Amino acid sequence: MANKILIIDFGGQYNQLIARRVRELGVYSEVRNFDGLTIDKIKDFDPCGIIFTGGPNSAYEENAPKMDAEVFELGIPVLGLCYGMQLMAQSLGGNVAKADTKEFGKTQTYFETDSLLFKGLPKEAITWMSHVDFVEKLPQGFEKIAYTDNCPVAAMQHVEKKFYAMQYHPEVLHTENGTAML
């Protein structure tokens with residue numbers, strides 16, 4: 001099976017919904033818990049892409065769910081969603097901090113439509129946010145590709161390494177064009 005996505009679950013409420021959306025796009029996917037998921041197990045699964053789910057933790061906390069940073073050296077595209085974006089940023093040298101203004105629910109979001117994630121989509125749309133933390137400093141090589149009035153980095157990318165991340169939830173129907181983004 002050549003096209004398959006590994007969804008790494010960090011305790012997010014939408015992990016099965018992410019898998020469903022990916023399958024609706026005609027791509028096989030499996031959800032695996034981060035705990036006990038080794039680099040060798042990821043290699044054995046041989047995914048064409050990896051998605052990090054959301055989760056209830058803060059990426060900067062000492063006991064927050066983590067992945068071996070070697071996952072970013074496998075040459076496999078990674079998409080981080082919500083906590084998954086924060087984990088990616090924190091793991092790759094960026095900084096995640098508690099936001100002054102929390103975002104929950106429908107949020108007006110502004111996109112850089114030259115990004116692969118947003119090609120052909122409107123420059124503005126509603127996304128579904130659910131976060132108290134935000135990416136305060138991008139990791140080296142990343143660029144901001146979306147923002148909101150209260151979240152300076154609502155999405156980011158490192159095109160060369162094929163790392164993409166969204167602070168919001170494209171898998172829920174409340175996010176306009178979310179399926180197209182996936």
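Visitor: How exposed is Arg-20, in terms of relative accessible area?

Guide: Arg-20 is partly exposed, with a relative accessible area of 48%. Keep in mind that this model is predicted.

Visitor: How do I read a salt bridge, and how many does the structure hold?

Guide: Side chains of opposite charge can pair when their charged atoms come close. This structure holds 3 salt bridges.

Visitor: Which residue does Arg-20 pair with?

Guide: Arg-20 forms a salt bridge with Glu-24. Their closest N and O atoms are 3.0 Å apart. Glu-24 is partly exposed too, at a relative accessible area of 47%.

Visitor: How should I read the spacing of Arg-20 and Glu-24 along helix H1?

Guide: An α-helix has 3.6 residues a turn, so residues three or four places apart point the same way. Arg-20 and Glu-24 are 4 residues apart in helix H1 (residues 15-24), so about one helical turn separates them.

Visitor: What other salt bridge does Glu-24 make, and with which arginine?

Guide: Arg-21 also forms a salt bridge with Glu-24, with the closest N and O atoms 3.0 Å apart. Arg-21 and Glu-24 both lie in H1, 3 residues apart, about one turn of the helix.

Visitor: Is Arg-21 buried or exposed?

Guide: Buried means under 20% relative accessible area. Arg-21 has 9%, so it counts as buried.

Visitor: Where is the salt bridge of Glu-30?

Guide: The side chain of Glu-30 meets that of Arg-32, at 2.7 Å from N to O. Glu-30 is partly exposed, with a relative accessible area of 23%. Arg-32 is partly exposed as well, at 27%.

Visitor: What backbone feature comes just after H3?

Guide: Gly-93 takes a positive phi of about 100° there.

Visitor: Next, pockets. What volume has the largest pocket?

Guide: Rolling a probe the size of a water molecule over the atoms shows where empty space is left. Here the largest pocket has a volume of about 380 Å³.

Visitor: Which residues lie nearest the centre of the largest pocket?

Guide: Its lining has 17 residues, and nearest the centre lie Ile-5, Ile-51, Pro-77, Leu-79 and Leu-182. Strands S3 (49-52) and S4 (78-81) each supply at least two lining residues. S3 gives the most, with 3.

Visitor: What does the lining of the largest pocket look like by class?

Guide: That lining has 15 nonpolar, 1 polar and 1 charged residues.

Visitor: How much space lies in the second largest pocket?

Guide: About 280 Å³ lies in the second largest pocket. It is lined by 22 residues, of which Gly-55, Pro-56, Cys-82, Ser-130 and His-131 are closest to its centre. H1, H3 and strand S6 (124-137) each give two or more residues to this lining.

Methods
Residues numbered from 1 in each chain as written. Predicted model: local features only at pLDDT ≥ 70, side-chain atom pairs only at ≥ 80, totals over all residues. Heavy atoms only, no water. Salt bridge = Lys/Arg side-chain N within 4 Å of Asp/Glu carboxyl O. Buried < 20%, exposed > 50% of the residue type's maximum accessible area, 1.4 Å probe, protein only. 1 Å grid on protein atoms, 1.4 Å probe; cavity = no way out; pocket = protein on both sides within 12 Å on 5 of 7 lines; lining within 4 Å. Points joined across faces, edges and corners; volume = space filled by probe spheres on them. Nonpolar A, V, L, I, M, F, W, Y, C, P; charged D, E, K, R; others polar.
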